[in-house]
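Please look through the sequence and the coordinates shown here before reading on.

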Amino acid sequence: MDITILGIESSCDDTSAAVIRNGVLLSNVIAGQKIHEAYGGVVPELASRAHQQNIIPVVDQAIRQAGIDKADLSAVAFTRGPGLLGSLLVGTSFAKGFSTALNIPMVEVNHLQAHVLAHFIKQREDDNDPPAFPFLCLLVSGGNSQIILVRAYNAMEIVGQTIDDAAGEAFDKCAKVMGLPYPGGPSIDRLAQEGDPKSFRLNKPNIPGYDYSFSGLKTSFLYLLRDRLKENPLFIEEHKADLSASLQLTIIEILMDKLRKAAEGLKINEVALAGGVSANSGLRKALEDYAGKYNWKVHIPPFAFTTDNAAMVAMSGYFKYRDGEFCPMDAVPFARVLV
Ligand code: KG4
């Protein structure tokens, strides 16, 4: 029998709905929220309000584009956390109402695990090169930088993570001080392609194990700008590309160095990338270079699955549905990771 899952994602500032049938993607609709650009970051109150406006049309479009009827759905999967509480409440409440009205079960999904499981989404029936277990997944986004050991769909262990800022946050905050629009990662990526990555030396952390730290790098970038601006008020303007290239290279080196150590230490050579920062062209290239150098088999997600999307939520929901893992009606969202 077909298993058809509606996925709902509303953890941050993207409202998304997707339909997956037997692991094959039928639709994935995402409504971004431009309103935050004026504030240089996501404003939680505005995000929940925009989710409330978007959720019905987004779900409606996802069902239409999938070419299915509501009655074909086997279950509703929704992101329960981590994320912004007000945003998560919109998706959670919608999932409850929808599953009650259709009399189908509800499946809760962990947003971070969903990023990892995005690698199993089939875009076509004959798509078939998912990572083999066990594999390592470098999950890098605006809120997280983690190395996850993935033993099975439902068995993941965080073996390393940031002790302060996330990699995406480092991109965004450094971009902000250069006067670039939010989110800064894509602008830095674009500018870096025209700059010399060896122009400026920035601080790298010295943290034990497989953990990350990006706050020192951020501070050293800030101090560099402050000192050079004293000598030349046009310093940022004149060196935007070189600054971006140097910053990007440093972030990539920090990420890849720990990933290599984890792969070596845990003796794993199947490596995947996930999360918003995995759209970065330099990071994607670095992973491919490491694949050649260290004999890794690497999995780089399609751009559509790097940022927040409901396809990955529907995919995670599909695995849980198969295992009969349903969620009670009194489930509430969680803002932080539950341990
Ligand atoms: O996973 P994601 O969409 O959601 C949150 O964690 O909120 O990640 C967003 C992050 C932002 O920090 C953004 O600057 C970063 O991903 N990002 C990039 C690129 N595209 C998005 N960072 C570097 N290079 C990119 N091309």
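**Helices, a hairpin and a loop serine**

Ala167, Ala170, Phe171, Cys174 and Val177 in helix α4 meet Ile236, Leu247, Gln248, Ile251 and Leu255 in helix α7. Of the residues that form this contact of α4 with α7, nine are nonpolar and one is polar, while none is charged. The model in which these contacts are found is a predicted one. Two packed helices are described by the angle between their axes and the distance between the axes. For α4, which spans residues 167–177, and α7, which spans residues 235–266, the axes come within 11 Å and cross at roughly 170°. Because angles over 145 degrees count as roughly antiparallel, α4 is roughly antiparallel to α7.

An antiparallel arrangement is also found among the strands, where β7 (residues 145–152) is joined to β8 (residues 155–161) by six bridges. Within this pairing, leucine 149 has glutamate 157 in β8 as its bridge partner, and the two strands, β7 and β8, form a hairpin with two residues between them.

Serine 11 is located in the loop that lies between β1 (4–9) and β2 (15–21). Is this serine 11 buried or exposed? Its relative accessible area is 3%, and serine 11 is therefore buried, since the cut-off for that class is under 20%. Leaving aside residues up to four places away in sequence, serine 11 touches Thr79, Pro82, Gly83, Leu84, Ser87, Leu88, His111 and Asp308. With one of these residues, histidine 111, the side chain of serine 11 makes a polar contact, side chain to side chain, at 3.4 Å.

Methods: Residues are numbered from 1 along each chain as its sequence is written. This is a predicted model: local features need pLDDT of at least 70, side-chain atom pairs count only at pLDDT 80 or more; totals for chains, interfaces and linings use all residues. Side-chain values use heavy atoms; hydrogens and water are left out. Axes are lines fitted to C-alpha atoms, for helices over the stretch in contact, and angles run from 0 to 180 degrees between N-to-C directions. Helices (H or I, at least four residues) and strands (E, at least two) are DSSP runs, numbered from the N terminus. Angles under 35 degrees count as roughly parallel, over 145 as roughly antiparallel, 65 to 115 as roughly perpendicular and the rest as oblique. Contact means heavy atoms within 4.5 Å. Ala, Val, Leu, Ile, Met, Phe, Trp, Tyr, Cys and Pro count as nonpolar, Asp, Glu, Lys and Arg as charged, and the others, Gly among them, as polar. Buried means under 20% relative accessible area, exposed over 50%, partly exposed in between (1.4 Å probe, protein chains only). A polar contact is a pair of N or O atoms within 3.5 Å; within protein, one must be able to donate a hydrogen and the other to accept it, and residues adjacent in sequence count only if both atoms are side-chain atoms. Two strands pair if DSSP finds at least two bridges between them.
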